[in-house]
Amino acid sequence: MKQAIAYIRVSSAEQVSNFSLPSQGRLCSEFCDKNGWKLVAIFIEWGESAQTADRTTLQEMLRYCKKRKNTIN
């Protein structure tokens, strides 16, 4: 079974409180289920701007992928 990860984010405190993150997480999970993929991790970015790639959780996700090498499709 193919394995996948999800990266979800919002850029403002308003979006954090309006249930956008749970909706994004649910949609990612449903997409993986539909395609027969095992969702092995979800990385959640809470309100950091997308103007830079130096976002805390994005970098964490990239390190995770690097450690897992070819196990994430």
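Mentor: Start with pLDDT, which is the predictor's confidence in each residue, from 0 to 100. This is a predicted model, in which local features need pLDDT of at least 70 and side-chain atom pairs count only at pLDDT 80 or more, while totals for chains, interfaces and linings use all residues. Residues are numbered from 1 along each chain as its sequence is written, and side-chain values use heavy atoms, leaving out hydrogens and water.

Trainee: Where in the protein chain is confidence lowest, and where is it highest?

Mentor: The lowest mean, 58, belongs to helix H1 (residues 13-17), and the highest, 92, to helix H2 (residues 20-35). For the protein chain the mean pLDDT is 82, with 74% of its residues at 70 or more. Where pLDDT is low, the predicted coordinates should not be read in detail.

Trainee: What makes a stretch a helix or a strand?

Mentor: Both are DSSP runs numbered from the N terminus: helices are H or I with at least four residues, strands are E with at least two. The protein chain has 3 helices and 2 strands, in the order β-α-α-β-α from the N terminus on.

Trainee: Which residues form the largest nonpolar core?

Mentor: A nonpolar core is a set of buried Ala, Val, Leu, Ile, Met, Phe, Trp, Tyr and Cys residues joined through side-chain atoms within 4.5 Å. The largest has 6 residues: Ile 5, Ala 41, Phe 43, Leu 58, Met 61 and Ile 72. Strand E2 (38-46) and helix H3 (56-68) are the elements that give two or more residues to this core.

Trainee: What makes Phe 31 and Trp 37 an aromatic pair?

Mentor: Rings of Phe, Tyr and Trp (its six-membered ring) pair if their centres lie within 6.5 Å; planes under 30 degrees apart count as stacked, over 60 as edge-to-face and the rest as tilted. That rule gives 2 aromatic pairs. Phe 31 and Trp 37 are 5.4 Å apart centre to centre with 70° between the planes, and the pair is edge-to-face. Phe 31, at 45% relative accessibility, is partly exposed, and Trp 37, at 30%, is partly exposed. Phe 43 and Tyr 64 also form an edge-to-face pair, at 5.3 Å and 65°. This pair links distant parts of the chain, with Phe 43 in strand E2 and Tyr 64 in helix H3, 21 residues apart.

Trainee: What does Thr 57 touch?

Mentor: Contact means heavy atoms within 4.5 Å. Not counting residues up to four places away in sequence, Thr 57 touches Tyr 7, Phe 43, Ile 44 and Glu 45. Thr 57 is found in helix H3 and is buried, with a relative accessible area of 11%.

Technical notes:
Buried means under 20% relative accessible area, exposed over 50%, partly exposed in between (1.4 Å probe, protein chains only).
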